[in-house]
Amino acid sequence: MTNTSSVRAAVIGATGYTGQELVALLRRHPEMALVYATSEGEAGRPVAGTALSYVPADEVPLSEVDIVFTCLPTGASGAWALRAREAGARAIDLSADLREGQGGAVYGLPELWRDRVAGQPLVANPGCYPTGILLALAPLIREGLLDASRPVMVNAASGVTGAGRSAKRELLFGDVAEDFRAYGVGNTHRHVPEIAQGLARANGGHGAPFVFTPHLLPVRRGILETMYVPVGADVKRAQVIDALRAAYEAERFVEVWSDGLPALRDVVARNVVALGVADVERIEPPMVLVLAAFDNLVKGAAGQAVQNANIMFGFDEAEGLPA
């Protein structure tokens, strides 16, 4: 589909961290025009950088927009995406509500399953943590490099914006600053089913065992995931890098590092996942270390949603996105 006129877009839940990021991206998008941004608590206040004011969600005429991005908390967001579809708009839900295919939604991780997104009316945007893990591990699974008899150990650290903008005591500056702590331990985090589902999809329906431990990092934004990956006998760093390069050589938003390992400063404010690999010496059976670094608000949320929207409408995938 080609379109010389602007696609009219609405953001439901525009004052959360992800919603704010999405508004900023849509303001600069050459093919999409932000026409509604909602907030229940800030209705009537101006939307920075636009001629709009926030409106309550119920005042958005869903039948008059082309696409709706829903950025509400899990449990409320998916219902709005389905409501938008019923009104005739396309929708992308940025919560976890539709990631198991509810309402006919397709899972929108473009670099792995782009063909499923093109032309679709309803897309479930991936979670932030699963984005890096699936992009890092899927090529290794497909190339038979992963030893599925042993679990992948994933330690992931996220900036505090990943926890949302609601007031929470444990996210106060005095509780976060100069601290570093794990949460959702023991494979209990809400992203675990999504990770398991994605690894199974990449493995022909057969899951790959993993242990996922997220940590709260005392920075504003960014995710760094350290994956201890069990591999087959004689598999070394070079083979893993070759597999990642082969998978992503044509992808604009995945960087495979041949030297060094990525850090948050390399990816913040960019719609990219940077992948690095290191050998692990003096251990048997063998393993390699795979790191994924990316911005939780861009490639981990709002940027990926815009990337999916570009695919849905047939625009260049990079339109409006910071590389």
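Helices here are DSSP runs of H or I with at least four residues and strands are runs of E with at least two, numbered from the N terminus. The model is predicted, so local features need pLDDT of at least 70 and side-chain atom pairs count only at pLDDT 80 or more, while totals for chains, interfaces and linings use all residues. Residues are numbered from 1 along each chain as its sequence is written, and side-chain values use heavy atoms, with hydrogens and water left out.

**Glu251 and helix α7**

Glu251 lies in the loop between α7 and β11. Apart from neighbours within four places in sequence, Glu251 is in contact with Glu111 and Arg114, where contact means heavy atoms within 4.5 Å. Glu251 and Trp113 stand 138 residues apart in sequence, and their C-alpha atoms are 13 Å apart in space.

Helix α7 itself, residues 237-248, has 12 residues and spans 17 Å from its first C-alpha to its last, close to the 16 Å expected at 1.5 Å a residue; the expected span is 1.5 Å times one less than the number of residues. Its buried residues are Val240, Ile241, Ala243, Leu244 and Tyr248. Viewed down the axis of α7, these buried residues fall within an arc of 160°, so they line one face of the helix, the arc being that of the directions from the helix axis to the C-beta atoms. They pack against α3 (110-117), α4 (128-142), β11 (254-256), β12 (273-279) and β13 (287-294).

**The packing of α3 with α8**

Helix α3 packs with helix α8 (residues 298-313) at an angle of about 35°, and their axes are 10 Å apart; axes are lines fitted to C-alpha atoms, for helices over the stretch in contact, and angles run from 0 to 180 degrees between N-to-C directions. In this contact Pro110, Glu111, Arg114 and Val117 of α3 meet Lys299, Gln304, Gln307, Asn308, Ile311 and Met312 of α8.

In α2 (residues 77-86) the buried residues are Ser77, Gly78, Trp80, Ala81 and Ala84. They cover an arc of only 160° around the axis, which puts them on the same side of α2, whereas the face turned away from that buried side carries the exposed residues Ala79 and Glu86. The buried residues of α2 pack against β1 (7-12), β3 (67-70), β4 (90-93) and β6 (122-124).

In α6 (residues 192-202) the buried residues are Val192, Glu194, Ile195, Gly198, Leu199, Ala200 and Ala202, and they pack against β5 (106-107), α3, α4 and β9 (210-216).

**Backbone features**

| Residue | Phi | Location |
|---|---|---|
| Gly88 | about 105° | just after α2 |
| Asn187 | about 60° | loop between β8 (181-182) and α6 |
| Gly204 | about 65° | just after α6 |
| Asp234 | about 70° | loop between β10 (223-230) and α7 |

Asn187 has its positive phi although it is not a glycine, and the residue is partly exposed, with a relative accessible area of 28%. Asp234 is likewise not a glycine, but at 67% relative accessibility Asp234 counts as exposed. The peptide bond from Glu284 to Pro285 is cis, with omega near -5°, and Pro285 lies in the loop between β12 and β13.

Notes. Buried < 20%, exposed > 50% of the residue type's maximum accessible area, 1.4 Å probe, protein only.
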